[in-house]
Amino acid sequence: MAMPRQMSTAMLASHEGVSTEVNATEHRALHSWEPRDHYEMLQISKLVPGSGRVCLVGRVVNFYEQPKPTKMPHAAKGCLKVHLRDDSGVVLVRLWYAQVDYQLRLGQLISLFATHISYVDPVGSTSRTVHTASYAATIFPEHDNSCYVDIQADAIYGALIRTPLGYDSEKQLAGLITLKSFINGGHEVLDGKVLVFVKSVGGLTTKHGSSLEQVNVNVSDNTCDAMLSLCGRSARSAVYWKTSHTILLISNPSFRDGKKPVLCLSPSTHVDVDPCMADAEWLRGFAQRLTAKEVVN
């Protein structure tokens, strides 16, 4: 089955094992690419450790620069750790880079072509949650022509892979609490989640003495407000968020108490942007009614 540069919706929606052949794909920041063999499209939950050409499609729920390791591939300048999720699970992607500046952002839909899957050892049993990645794919597309990462257009595939993991329309999402409850002690609960809307987005700044970008985002639900602080690679994600419209489902956020409560992203945090769930639709309506009321007053 041939897969064009932009995958067909049917192909993307099918996360079963399907033998596919990619004619060509392109990344504006990378080189044009054509695989030499078939890649099997798999759901993340179907992955097994070992060698084999696989194609995964998922959304970015977290990513950050890996601290410079002692051992690096030849010519590599750094590595991005990307948490990619589909409707079945989460996989850790170690994306090595040299010259390419991957313009990733939270919520992006990407397709990943890899040739080897490895097992991720848990760092202590208490650190594992329903969102923890059990497997990892390590790729260096600039130096390995059998691997590739392609960012898909949300204008075409915007509705795909939006339902949160574990969501059941008949039940409350496990771990979901109000922002006020989270601030008042709920942050100590393993796998706690908050659902918030973007109230306003501050400007991008650079931390003193560092090249890391930072942005503060005012978030709220129907109980209280807080600040979401994004630092490093993920900061530019907020540029694409719309006030009183973008909804964030934040799982396992770090918490800092102060004059205004602050939520931060840690390596174990996952962010679903505009999740497909009834509570998100209700909260978006609440945010827009609140904005309309403020304009009238």
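Predicted model: local features only at pLDDT ≥ 70, side-chain atom pairs only at ≥ 80, totals over all residues.
Which residue of strand 17 is the bridge partner of serine 251? The close-up views below take up this pairing and its surroundings.

View 1. Residues are numbered from 1 along each chain as its sequence is written, and side-chain values use heavy atoms, with hydrogens and water left out. The bridge partner of serine 251 in strand 17 is histidine 270. Strands here are DSSP runs of E with at least two residues, numbered from the N terminus, and two of them pair if DSSP finds at least two bridges between them. Strand 14 (residues 247–251) pairs with strand 17 (residues 270–273) in the antiparallel sense over four bridges, and five bridges join strand 14 to strand 10 (residues 193–201), also antiparallel.

**View 2. The two sides of strand 14.** In a regular strand the side chains alternate between the two faces of the sheet. Ile247, Leu249 and Ser251 point one way from strand 14, whereas Leu248 and Ile250 point the other way, and all are buried (under 20% relative accessible area, with a 1.4 Å probe and protein chains only).

**View 3. Leucine 248 in the largest nonpolar core.** A nonpolar core is a set of buried Ala, Val, Leu, Ile, Met, Phe, Trp, Tyr and Cys residues joined through side-chain atoms within 4.5 Å. The largest has 48 residues, and those with the most contacts inside it are Leu228, Trp241 and Leu248. Apart from this core lies another, of 11 residues, among them Trp33 and Tyr148.

Notes
Buried < 20%, exposed > 50% of the residue type's maximum accessible area, 1.4 Å probe, protein only.
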